Amino acid sequence: MIHKLTEFQTGTMKERIVYAKLPIFLGDWNTSAKLGSARESAQFRDALLVLLSNINTVRSDAISDPSGADNRPTGTKKCHVNPTPFVIPSLQEWDGGSGNWKLNANTRIVVDPSFANGGALDADSTFMRNPSNLKQYAASFQADISEVTGVNVEVVVSSTYGANDIFLTLGADSTDPELNIEGYLLDITRKGISIQGVTSRGAFWGTRSVLQMLILADERGYALPHGHARDFPNYSERKFMQDIARKPIPMSDLHEYATLSSFYKFNTLHHHYNDNPGMQVKSLMPDWQTKYAGFRLRTENPEYSMYASNDTSYTKQDMREFQDFIKARGLDLIPEIDTPAHSLCFTKFHPNWSIQNDTARGDWLDLGNPEVQPFLEGLWTEFIDWFDSREVSIGADEYDPTKGDLARKFINSMHDYFATNFNRSIRMWGSDVRLQGSIEINQNIHTDHWDWTYSSPVDLVKRGHKVSNLNAPDSYLVPRTLSYEDFIDSRKIYNMWEPWVFDIFDKTNTSRNLSPNEPLLTGGGLGNWNDFLSESVTRVELFDRVSRALDVFGEKLWAGAKNSDHISYDKWAPLAKKLRENIPGITLRRRPQTKGQFVMSYDFENGVTDASGNAYDAKLQNGATIVEAGEGHGRAAQLTPDSYISTPVDAISYPYAVAMWIKPSGDQQPNAVILESEDGRVLISNNTSPTVIFEQDGNQYNTQVILPPGQWSHLAFSADTQQTTVFFNMRRVATVQYYNPRWDVLANSTMLVTAPLSTIGSAKGNSMSGLVDGFVVLDRASYGGEMAFLGKRYADALP
């Protein structure tokens with residue numbers, strides 16, 4: 001009902017209209033029969049608090065709360081309504097109470113036994129078979145709370161919960177057109193926290209909101225504001241698509257991308273399993289068969305095992321474990337094997353399957369060849385049972401435009417093949433504009449729109465296709481490209497982009513954009529393409545780019561313009577940064593904890609004790625010793641090929657500075673290691689160059705530094721947000737660079753190297769031989785002037 005309330009102010013009375021969505025009628029506050037449920041009572045009380053917060057004084061008997069659902073004012077004081085808590089994506093609706101709930105050692109996660117093993121609607125909320133249930137989501141939440149707060153909460157199954165507890169249940173009104181299948185209700189009161197989802201996945205999204213509130217409440221002792229939230233996504237598909245074909249990505253990293261996506265309530269991952277670099281036609285690229293081609297699925301079946309990439313590939317067991325992991329974080333997985341283009345991983349083994357003319361690209365399969373389609377059907381048959389998703393992607397983009405109807409026929413036949421043989425649907429990249437023809441593409445095929453020259457989302461919807469918005473360049477993140485975003489412009493996305501917007505500079509043009517309420521618009525997301533292969537971006541650089549983009553896309557895919565209409569980007573961004581830097585389960589940030597600017601400092605005068613104040617003491621391993629070095633260096637560490645020094649810090653990402661004195665012996669093994677970690681190595685030289693080498697993800701980058709044997713040299717390198725600078729004897733001599741040899745680029749790019757710190761030397765028996773002294777790591781970039789201080793041991797003089 002909508003009520004007209006009269007507001008009283010001290011000394012005067014004025015009337016205003018106050019609109020409140022209250023499912024109760026105005027009556028005697030203390031007449032519980034008129035108030036309905038405890039939550040309705042709390043909502044009514046909170047609505048009155050909104051009015052009374054403007055009155056100078058409130059008597060203690062002005063509001064009494066029979067439900068005990070919130071703190072009541074005592075004595076004579078101002079009443080304050082809790083403002084909407086900041087989370088990403090922002091809450092759709094919030095009714096603030098007064099007072100706070102506080103996490104403590106007695107807090108439990110209590111799972112409603114009626115829904116512990118799932119709800120009736122759970123299967124409808126996901127593409128995946130066997131979706132996770134409420135109890136499995138509770139286990140994920142438990143681990144997150146422990147990492148964020150240090151409080152080890154217990155998970156119990158019970159129909160009752162106490163004031164310290166967080167209760168997970170289902171039963172929110174699934175018939176509400178706004179509180180859709182992923183929606184949830186959140187109540188934070190004196191009686192505890194209750195998260196009630198329409199589905200188990202919806203309840204899990206409620207835990208993401210509570211988790212983020214806890215992260216931002218660290219300075220308040222993890223106290224969360226009393227209030228009621230009603231939250232739901234505006235779009236059913238909120239997707240992070242990743243090209244893992246052209247950048248080898250370890251399975252451990254894929255787990256972290258899943259954790260990152262889930263944190264912002266994305267519900268879909270889309271993995272692009274095969275691809276190659278951009279190709280020219282055969283006449284301009286006669287060596288096309290020698291180019292890199294990635295295929296990431298490795299089967300034991302010899303008929304298909306030869307296509308798997310040697311650098312990184314995933315087994316059936318890998319994919320089983322990965323899907324179990326992501327389902328417990330609310331995520332679906334769309335697998336993509338992209339054909340008939342982007343298929344060099346097949347045509348290099350079967351060149352006769354490529355289109356046999358010099359005006360075609362070598363990665364285009366010849367759909368007119370009678371061997372090709374049976375092969376692709378057999379390929380999918382081999383891998384389809386690896387995946388739980390009821391929908392898969394066949395790619396189908398950027399194919400030979402002269403073969404439009406042949407491609408359209410292939411697309412439709414693949415739709416029928418999947419429907420008949422696997423009871424699954426397919427999706428494709430928008431291609432209908434580029435692939436002109438008279439054959440209509442089956443309208444049941446879901447289309448990922450990515451470029452207006454290849455498809456029109458407006459026309460697709462008119463023809464009955466479901467459409468997802470990954471329109472380039474706005475939704476494309478392509479590291480070190482000249483055509484798309486290297487880093488997503490978050491301010492632009494926050495202020496201008498919406499899932500229904502396909503032309504960000506002409507949003508009112510109905511021929512270029514869809515309606516916000518278009519039923520065939522499923523949503524959209526962020527697409528990460530790695531066009532320039534592994535050497536163009538490190539694992540840590542890539543994760544940094546993605547993490548800086550997913551938060552803002554998560555905001556717009558869930559809540560749309562609602563938040564950005566009343567919270568400016570400048571207020572949103574600092575809080576978003578704090579959340580991004582404290583996501584549980586994330587290690588790829590590579591930012592070690594430090595009490596000051598010095599992360600580690602070993603002068604070796606007192607062994608390998610850390611002088612930074614962080615207690616990152618190292619250990620001498622396998623025969624490494626501390627010796628009297630002379631020449632003004634006092635004591636130093638001595639390494640042989642088999643010995644090394646281990647530290648408790650694995651690596652540090654930009655910004656940072658690493659500095660050390662080195663006196664190599666005259667006899668070094670090939671590729672002798674100065675520093676090493678999971679992310680890479682710093683080598684004294686390699687087989688082809690006498691210069692110091694940075695190695696990241698298996699790719700090597702030369703410097704201009706040569707360390708002369710038998711004498712002390714000062715080596716340092718420092719990374720800011722733009723480049724990694726190398727210093728020799730306290731002078732800047734080089735930046736770490738990657739040369740992009742692709743035919744349409746041919747340009748140098750600076751790299752941001754992650755500094756390996758796990759070992760000085762190598763635990764794998766290939767350490768540099770010689771002495772190391774004055775090893776220092778800073779958590780910020782440093783420049784030439786400061787290097788003189790670091791090199792001369794005047795570290796205390798640093799600002």
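Author: What follows is a set of questions and answers about the terms used for this structure.

Author: This is a predicted model, in which local features need pLDDT of at least 70, side-chain atom pairs count only at pLDDT 80 or more, and totals for chains, interfaces and linings use all residues. Residues are numbered from 1 along each chain as its sequence is written, and side-chain values use heavy atoms, with hydrogens and water left out.

Reader: Thanks! How many helices and strands are there in the chain?

Author: The chain has 15 helices and 39 strands. Both are DSSP runs numbered from the N terminus, helices being H or I with at least four residues and strands E with at least two.

Reader: Why is the pair of Tyr307 and Phe346 called edge-to-face?

Author: Rings of Phe, Tyr and Trp (its six-membered ring) pair if their centres lie within 6.5 Å; planes under 30 degrees apart count as stacked, over 60 as edge-to-face and the rest as tilted. Here the centres are 5.3 Å apart and the planes stand at 80°, so the pair is edge-to-face. A search of the whole structure finds 34 aromatic pairs. Tyr307 and Phe346 also belong to one aromatic cluster, whose members include Phe349 and Trp353.

Reader: What makes Tyr307 and Phe346 a pair that ties parts together?

Author: Tyr307 lies in the loop between helix H5 (302-305) and helix H6 (316-327), while Phe346 is in helix H7 (residues 344-347), so the pair links parts that are 39 residues apart in sequence.

Reader: Are Tyr307 and Phe346 buried or exposed?

Author: Buried means under 20% relative accessible area, exposed over 50%, and partly exposed in between (1.4 Å probe, protein chains only). Tyr307 has 4% relative accessibility, so Tyr307 counts as buried. Phe346 has 0%, so Phe346 is buried too. Of the 799 residues of the chain, 60% count as buried.

Reader: And why is Val157 called partly exposed?

Author: Val157 counts as partly exposed because its relative accessibility is 41%. Val157 is in strand S5 (residues 154-157). Not counting residues up to four places away in sequence, Val157 touches Val111, Pro113, Ala116 and Lys135, where contact means heavy atoms within 4.5 Å.

Reader: How do you know that the charged end of Arg512 sits over the ring of Trp452?

Author: The rule asks for NZ of Lys or CZ of Arg within 6 Å of the ring centre and within 35 degrees of the ring normal. The charged end of Arg512 is 4.1 Å from the centre of the Trp452 ring and sits over that ring. Lys265 has its charged end over the ring of Trp558, 5.4 Å from the centre.

Reader: Why are H4 and H12 called roughly parallel?

Author: Axes are lines fitted to C-alpha atoms, for helices over the stretch in contact, and angles run from 0 to 180 degrees between N-to-C directions. Angles under 35 degrees count as roughly parallel, over 145 as roughly antiparallel, 65 to 115 as roughly perpendicular and the rest as oblique. The axes of helix H4 (residues 251-263) and helix H12 (residues 539-558) come within 11 Å and cross at roughly 15°. H4 and H12 are therefore roughly parallel to each other. Residues in the contact include Tyr257 and Leu260 of H4 and Leu542 and Phe543 of H12.

Reader: What about H2 and H3?

Author: The axes of helix H2 (residues 134-149) and helix H3 (residues 200-216) come within 10 Å and cross at roughly 10°. H2 and H3 are therefore roughly parallel to each other.
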